[in-house]
Amino acid sequence: MEPISKKKIATLYTQISQEIFNVGVNTQKIDIIDNKILILAQSKRMPALEALSEEYRELVMSLDAALSTKYKKMLKQKVELLFDIEVTSLFRDYDPVTENSCTVICFK
């Protein structure tokens with residue numbers, strides 16, 4: 001078990017982003033408030049999704065949702081393992097226009 005730190009959260013967040021999207025994170029701001037972790041990040045959109053977004057909007061939206069679900073599942077598992085905590089809720093949203101994401105991790 002490791003103590004929760006912004007640096008470890010940032011590293012973990014970037015690793016998962018690279019693993020799923022093959023794209024790193026440009027910027028991150030992380031705050032730990034009581035039993036919550038807030039991550040504001042900006043990262044490049046996957047080029048393949050960007051290429052399809054105009055002609056296949058519904059498909060890209062479905063892929064975005066599936067990738068986000070996968071991201072949240074991996075992040076929850078890795079945070080629980082690394083810090084030996086129980087994550088009670090994990091929320092994540094990504095805006096493809098601004099390439100900004102917001103993640104909130106709540107834990108016991």
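Colleague: Which residues does UniProt list for "domain: Na+-translocating membrane potential-generating system MpsC"?

Modeller: The unreviewed UniProt entry lists residues 7-107 for that domain. Bear in mind that this is a predicted model. Over residues 7-107 the chain is 48% helix and 31% strand, with the end C-alpha atoms 18 Å apart.

Colleague: Happy with that. What makes H1 and H3 a contact?

Modeller: Contact means heavy atoms within 4.5 Å. From H1, the residues making the contact include Ile 9, Leu 12 and Ile 16, and from H3 they include Leu 67, Met 74 and Val 79. The residues of this contact divide into 13 nonpolar, one polar and four charged.

Colleague: And how do the axes of H1 and H3 cross?

Modeller: They come within 10 Å and cross at roughly 140°. The crossing of H1 and H3 is right-handed.

Colleague: Now the largest pocket: which residues lie nearest its centre?

Modeller: Those are Arg 45, Val 60, Asp 64, Tyr 94 and Pro 96, out of 22 lining residues. A residue counts as lining if it has an atom within 4 Å of a point of the pocket, so these five meet that cut-off. The space in the largest pocket is about 490 Å³.

Colleague: Which element gives the largest share of that lining?

Modeller: H3 does, with seven residues. Helix H1 (6-21), helix H2 (47-52) and strand E3 (87-95) also supply at least two residues each. By class, the lining has eleven nonpolar, four polar and seven charged residues.

Conventions:
Residues numbered from 1 in each chain as written. Predicted model: local features only at pLDDT ≥ 70, side-chain atom pairs only at ≥ 80, totals over all residues. Heavy atoms only, no water. 1 Å grid on protein atoms, 1.4 Å probe; cavity = no way out; pocket = protein on both sides within 12 Å on 5 of 7 lines; lining within 4 Å. Points joined across faces, edges and corners; volume = space filled by probe spheres on them. Helix = DSSP H or I, 4+ residues; strand = E, 2+ residues; numbered from the N terminus. Nonpolar A, V, L, I, M, F, W, Y, C, P; charged D, E, K, R; others polar. Axes fitted to C-alpha atoms, helices over the stretch in contact; angles between N-to-C directions. Left-handed = near helix turned anticlockwise from the far one by under 90°. UniProt positions renumbered as here; feature names shortened; annotations may be inferred.
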